[in-house]
Amino acid sequence: MFTANIVDTSIFRSLGKPSTPRFKSLKNAVNKAGTELWVPAPIYRELTDYGTDPPVNPYLDDGVEDGWIRVAIPLAVDRDAAIDSITDPVTQAQHLADTFLNQQSKYPVTNNWRDASVVALAVRLFEQNARIRIITHTADDGLARACAQIPPEFGYYEIESRYYNPPQTAKHNFPTKESLTWSGK
Amino acid sequence: MSYETEHVRNAGDGVQSITGVPTFTELLTNPALAGLYTAIRRSPGVTAPDLVETVNVSKKTVYEYLRKLKQAGLITEITDATSPSPYEAEDFELRLTIRGVEVSITPELVAVVAHVDEYPIIGRVRDDHGLVTFALAHDLIKSHSEGEITVRQIATLSDLSHGTTYDLLEALYEIHDLGDADSNPTTYTPADVVDEDDDLLTELTDE
């Protein structure tokens, strides 16, 4: 059984730039855990610096080049489609996560498409791989709950969702073999 | 007897004079003044020599700022006839309403301003995006610590970039000591969050 780790933007921001020792620790932890880090395309874009020509992603490009970070190929998803007209589980999961996060929030409705892309990528990896476990990492409680709650709606239960609170604890607790390894809790 | 007029609430019972209004607004822009007020608020009974020892400004500035804060009614001397005099801070709320948007300036925001040198992001948000955005982001970040909103939702509602929002969030978690005391991440599994009687897919689809 292979374990993939899906990582949200805040976790990378917490680590800082790749020049910090924390990124070296992360690379070592990924090797020791025998895993890969995955990010959805919207999160790759969120961390990209478009102020340079060509744009660069200071957090992810080195890891992508080395092969231990993987960016999911973007999917063409119709955000405006009515959810009951969608049959694809990945797209359905993204719509569900968007609705779920607005339901959890005590403030006005927002577009949660990037948050929802974490949940959708989990469902997508389950759809594409029969023998896979997934660990997600985020600093948002609502998103962490969505990651554990929505994939089972599609029959996928092999998921652990790590919530870093306070967010800055990810600096030390994320780049470790333990955090990237299935706990079987 | 307490009563209200167009401009004053709770008038009548020992009307207090409010002077030194510029000091209230200076609390939002002067981190040393904000730090002194916050130090007194957090340690009622602190004296001027104590403050000279603990705050990072000269003795002369400490006494000058104490005079300013006292004149504005933001601190008072505790009259116990000891020398040097102990001080305590008064809570306050400064409300501004502009184009229908109301913002409250409170000691909690002043405590954040006191850390502007340590966390430059605070000054950048306050100065580049304005007081309403600063106060709004502050409150939404406190909600984040209660699990009521995501970082991206804060960014959308306060019209800040994700990077700026995250940097401010880290600063405020440190300043207000927000979040769990246990620094290990919480791990949610389907067994923790899925209620077998609920059909989330149907429920959310119906909405």
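## Helix α7 of chain A

Helix α7 of chain A spans residues 141–149, and nine of its nine residues are buried, so the helix is largely enclosed by the rest of the structure. Buried means that 20 or more other C-beta atoms, placed from the backbone, lie within 10 Å of the residue's own; exposed means 12 or fewer, and partly exposed lies in between. The buried residues are A:Asp141, A:Gly142, A:Leu143, A:Ala144, A:Arg145, A:Ala146, A:Cys147, A:Ala148 and A:Gln149. Helices (H or I, at least four residues) and strands (E, at least two) are DSSP runs, numbered from the N terminus.

## Model and numbering

This is a predicted model: local features need pLDDT of at least 70, side-chain atom pairs count only at pLDDT 80 or more, and totals for chains, interfaces and linings use all residues. Residues are numbered from 1 along each chain as its sequence is written, while chains are lettered from A and ligands numbered from 1 in written order.

## The A–B interface

In chain B, 35 residues are in contact with 46 residues of chain A (C-beta atoms, placed from the backbone, within 7 Å). On the chain B side, α8 (151–158), α9 (162–176), β6 (186–188), α10 (190–193) and α11 (200–206) each supply at least two residues. α9(B) gives the most, with six residues. By type, this side of chain B has 15 nonpolar, 14 polar and six charged residues. Nonpolar covers Ala, Val, Leu, Ile, Met, Phe, Trp, Tyr, Cys and Pro; charged covers Asp, Glu, Lys and Arg; the others, Gly among them, are polar.

Strand β5 of chain A (residues 159–163) runs antiparallel to β6(B), joined by three bridges. Pairing requires at least two DSSP bridges between two strands. A:Arg162 has B:Thr187 as its bridge partner in β6(B).

Notes. Two residues are in contact if their C-beta atoms, placed from the backbone, lie within 7 Å.
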